[in-house]
Amino acid sequence: MIQTAEITTTPISGLYSEQIFDAPIHTEHWTWVKFETDSYDTFYGQFKGEPRQIAISNENDCCYVLTDLLLYEINRAQPRQFTTLNYDDVGGLLRNVTLTPSGQVMLSDYYTIFISKHKNLDTSKEFEQQITPIETPIMIDYIEFKEWNNHLLSIHALEFLTQQPIQLIFNAQTNEITQII
């Protein structure tokens, strides 16, 4: 089972096993991710698109790799089983992905933060049916997920109208976002 994942550079050919996570989209850009399993085996994954973020948690059976083109959902126990979500089809551009302490998927585009209704996404269903927007205290732009501290996620963003930097906190126990003043 995959235990760790990190975005990396292209590995030395032949040094580690490699897996291409292919998708029906054309691009010249690729993301490389180094995975390590619970038996300390290392392999590299190659994903279409430029790198954004990775989300992995022991509370979720999948890990998520976000590129500028696609969101990949990878089965941690059987990495050859994966699905992709082309989020351009839903009119957005995802910028962030993380997993809450309970394993729920959290995503954001430039303006909105979403949380999944279930732990895993189902590519056979419409994206909008699987996520719920989280209300923010003010309109924001350029959302950036930072780090978790227990059940609190630090979020950096810009206030939409003034473009002034602001800091927010998402509380995973209440699913509420507050602004730090």
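Start by selecting Ser154, which sits in strand β14 (strands being DSSP E runs of at least two residues, and helices H or I runs of at least four, numbered from the N terminus). One note before you go on: this is a predicted model, where local features need pLDDT of at least 70, side-chain atom pairs count only at pLDDT 80 or more, and totals for chains, interfaces and linings use all residues. Residues are numbered from 1 along each chain as its sequence is written, and side-chain values use heavy atoms, with hydrogens and water left out.

Back to Ser154: its relative accessibility is 12%, so this residue counts as buried (buried is under 20% relative accessible area, exposed over 50%, partly exposed in between, with a 1.4 Å probe and protein chains only). Now show what surrounds Ser154. Skipping neighbours within four places in sequence, you'll find contacts with Glu144, Phe145, Lys146, Glu147, Leu168 and Ile169 (contact meaning heavy atoms within 4.5 Å).

Four strands make an open, antiparallel sheet in the order β13-β14-β15-β16 (two strands pair if DSSP finds at least two bridges between them). The edges belong to β13 (140–149) and β16 (176–180); each has a single partner strand, so one side of each has no neighbour in the sheet. From one strand to the next, the twist averages 30 degrees (axes are lines fitted to C-alpha atoms, for helices over the stretch in contact, and angles run from 0 to 180 degrees between N-to-C directions). As background, strands of a sheet pair through backbone hydrogen bonds, either parallel or antiparallel.

Zoom in on β13 and β14 (residues 152–159), which pair in the antiparallel sense over 6 bridges. Pick Glu144 here: its bridge partner in β14 is His156. Glu144 also forms a salt bridge with Lys146, with the closest N and O atoms 2.8 Å apart (a salt bridge is a side-chain nitrogen of Lys or Arg within 4 Å of a carboxyl oxygen of Asp or Glu). Glu144 is partly exposed, with a relative accessible area of 35%, and Lys146 is partly exposed at 35% too.

Lys48 is buried at 11% relative accessibility, whereas Asp22 is partly exposed at 45%.

Stay in β4 (residues 42–48) and click Gln46. Gln46 is buried, with a relative accessible area of 15%. Leaving out residues up to four places away in sequence, Gln46 touches Gln19, Ile20, Phe21, Trp30, Thr31 and Trp32.

Now go to β5 (residues 51–55) and β6 (residues 62–67), an antiparallel pair with 4 bridges. They form a hairpin with 6 residues between them. Select Ile54 and you'll see Val65 of β6 standing opposite.

Last stop: the surface. Select Tyr111, Met139, Phe160 and Leu161, a nonpolar patch with about 470 Å² of accessible area together (areas come from the Shrake-Rupley method with a 1.4 Å probe, and for residues only the protein chains shown count as cover). Patches use residues with over 30% relative accessible area and no salt bridge, joining like charges within 9 Å and nonpolar side chains (Val, Leu, Ile, Met, Phe, Trp, Tyr) within 5 Å.
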